[in-house]
Amino acid sequence: MNFIIATDSYKGCLSSLDAGKAIAKGVKEMLPDAQTNVLIVSDGGEGMSLAFKEPTQAEWVEVE
């Protein structure tokens, strides 16, 4: 069984990635043969830059 896990962050508590990993862990505990794919998502607020950075393998660049 395949699962796509796509959840927004839990403001001040968990990032989208951390929340997705926690959900994936729970799925694997209940269904050890399950395949999980965690996607980072954002509603445009906190975590939006990470949602763009991770799937594109971009790098942070500091500018003045």
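Helices here are DSSP runs of H or I with at least four residues, strands are runs of E with at least two, and both are numbered from the N terminus. With that in hand, S15 sits in the loop between β1 and α1. This is a predicted model, where local features need pLDDT of at least 70, side-chain atom pairs count only at pLDDT 80 or more, and totals for chains, interfaces and linings use all residues. Residues are numbered from 1 along each chain as its sequence is written, and side-chain values use heavy atoms, with hydrogens and water left out.

**Exercise 1. Work out which elements the protein has and in what order they run.**

Step 1: count the elements. There are two helices and two strands.

Step 2: walk along from the N terminus. The pattern reads β-α-β-α.

Step 3: β1 covers 2-7 and β2 covers 35-40, α1 takes in residues 16-30, and α2 is 48-56.

**Exercise 2. Find which residues of α1 are buried and where they lie around the helix.**

Step 1: Buried means under 20% relative accessible area, exposed means over 50%, and partly exposed is in between (1.4 Å probe, protein chains only).

Step 2: list the buried ones. They are S16, A19, G20, A24 and V27.

Step 3: look down the axis of α1. Going by directions from the helix axis to the C-beta atoms, the buried residues fall within an arc of 135 degrees, so they line one face of the helix.

Step 4: Taking contact as heavy atoms within 4.5 Å, they pack against β1 and β2.

**Exercise 3. Compare S15 and S16: is each one buried, partly exposed or exposed?**

Step 1: take S16. Its relative accessible area is 6%, so S16 is buried.

Step 2: take S15. Its relative accessible area is 27%, so S15 is partly exposed.

Step 3: look for polar contacts, meaning a pair of N or O atoms within 3.5 Å; within protein, one must be able to donate a hydrogen and the other to accept it, and residues adjacent in sequence count only if both atoms are side-chain atoms. A polar atom of the S15 side chain lies 3.0 Å from the backbone nitrogen of D18. For S16, a polar side-chain atom lies 3.0 Å from the backbone nitrogen of V41.

**Exercise 4. Follow that link to V41 and describe its surroundings.**

Step 1: locate V41. It's in the loop between β2 and α2.

Step 2: At 28% relative accessibility, V41 counts as partly exposed.

Step 3: list its contacts. Leaving aside neighbours within four places in sequence, V41 touches A6, T7, D8, S16 and A51.

Step 4: look back from S16. Not counting residues up to four places away, S16 touches T7, D8, S9, L39, I40 and V41.
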